Amino acid sequence: RFISATISAGLAEGKTIGQGLEEMDKIASETLDETFRTALSGDSKDYRESSSSLMFAFILALVLIYLILAAQFESFSQPLIIMASLPFAIIGAVLGLLVSGQTANMMSMIGFIMLLGLVTKNAILLLDYANQAREHGMGLKEATLEACSLRLRPILMTTLSTILGMMPIALGIGEGAELRQ
């Protein structure tokens with residue numbers, strides 16, 4: 001029972017749905033007064049809904065990582081040490097997107113979540129070994145240095161195998177390469 005108008009548009013070359021929706025919202029706020037409403041449908045609606053769901057999944061993943069680590073290490077401070085490495089991983093991922101000219105989209109967000117899991121695993125390896133060394137009477141600094149030197153090889157091996165396994169997808173060769181990339 002509302003008077004409505006449907007506006008359809010396509011994306012300009014090299015633009016993403018997110019950029020198109022931002023521009024549409026900007027134009028609507030400048031042009032329409034408060035008596036008008038806008039609603040999305042189709043791919044745009046799906047994009048907005050999945051974006052909010054993915055952000056919720058990202059935050060939930062961080063909370064779950066913290067809770068599981070707190071239970072595993074029987075400490076509330078040691079998971080914070082592990083999670084302190086996560087911002088560096090995100091900075092590296094964002095720089096990788098900028099250097100490669102890619103956008104922050106659904107697939108890259110899923111990649112961020114995978115990256116957080118990999119970085120968390122590496123930090124757990126280091127902290128667990130340092131805790132074992134401390135139990136055997138080593139000082140904090142010595143245990144940390146020994147954990148770093150002895151766990152560097154396994155960390156590099158798992159990280160490189162993950163990177164090399166993802167390389168064909170990241171290079172985006174073949175049919176459907178844009179989505180996989």
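The model is predicted, so local features need pLDDT of at least 70 and side-chain atom pairs count only at pLDDT 80 or more, while totals for chains, interfaces and linings use all residues. Residues are numbered from 1 along each chain as its sequence is written, and side-chain values use heavy atoms, with hydrogens and water left out.

**Exercise 1.** Describe how H4 and H5 cross, and list the residues in contact.

Solution. 
- Step 1: Helix H4 covers residues 86-100 and helix H5 residues 106-135. Helices (H or I, at least four residues) are DSSP runs, numbered from the N terminus.
- Step 2: The two axes come within 10 Å and cross at roughly 140 degrees. Axes are lines fitted to C-alpha atoms over the stretch in contact, with angles from 0 to 180 degrees between N-to-C directions.
- Step 3: H4 and H5 are therefore oblique to each other. Angles under 35 degrees count as roughly parallel, over 145 as roughly antiparallel, 65 to 115 as roughly perpendicular and the rest as oblique.
- Step 4: On the H4 side, Leu-86, Ala-89, Ile-90, Ala-93, Val-94 and Leu-97 meet Ser-108, Phe-112, Leu-115, Leu-116, Val-119 and Thr-120 of H5. Contact means heavy atoms within 4.5 Å.
- Step 5: The residues of this contact of H4 with H5 comprise 10 nonpolar, 2 polar and no charged.

**Exercise 2.** Classify the angle between H1 and H2, and find the contact residues.

Solution. 
- Step 1: The axes of H1 and H2 come within 10 Å and cross at roughly 100 degrees.
- Step 2: H1 and H2 are therefore roughly perpendicular to each other.
- Step 3: H1 brings Ile-17, Gly-18, Leu-21 and Asp-25 to the contact, and H2 brings Asp-43, Ser-44, Tyr-47 and Arg-48.
- Step 4: By class, the contact of H1 with H2 has 3 nonpolar, 2 polar and 3 charged residues.

**Exercise 3.** Which elements give two or more residues to the largest nonpolar core?

Solution. 
- Step 1: The largest nonpolar core has 17 residues, and those with the most contacts inside it include Leu-69, Phe-73 and Phe-112.
- Step 2: The elements giving two or more residues to this core are helix H2 (42-73), helix H3 (78-83), H4 and H5.
- Step 3: H5 gives the most to this core, with 6 residues.

**Exercise 4.** Locate Lys-15.

Solution. 
- Step 1: Lys-15 lies in the segment before helix H1 (17-31).
- Step 2: The C-alpha atoms of Lys-15 and Tyr-66 are separated by 37 Å, and the two residues are 51 residues apart along the chain.

Note on methods:
Nonpolar A, V, L, I, M, F, W, Y, C, P; charged D, E, K, R; others polar. Core = buried A, V, L, I, M, F, W, Y, C linked by side-chain atoms within 4.5 Å. Buried < 20%, exposed > 50% of the residue type's maximum accessible area, 1.4 Å probe, protein only.
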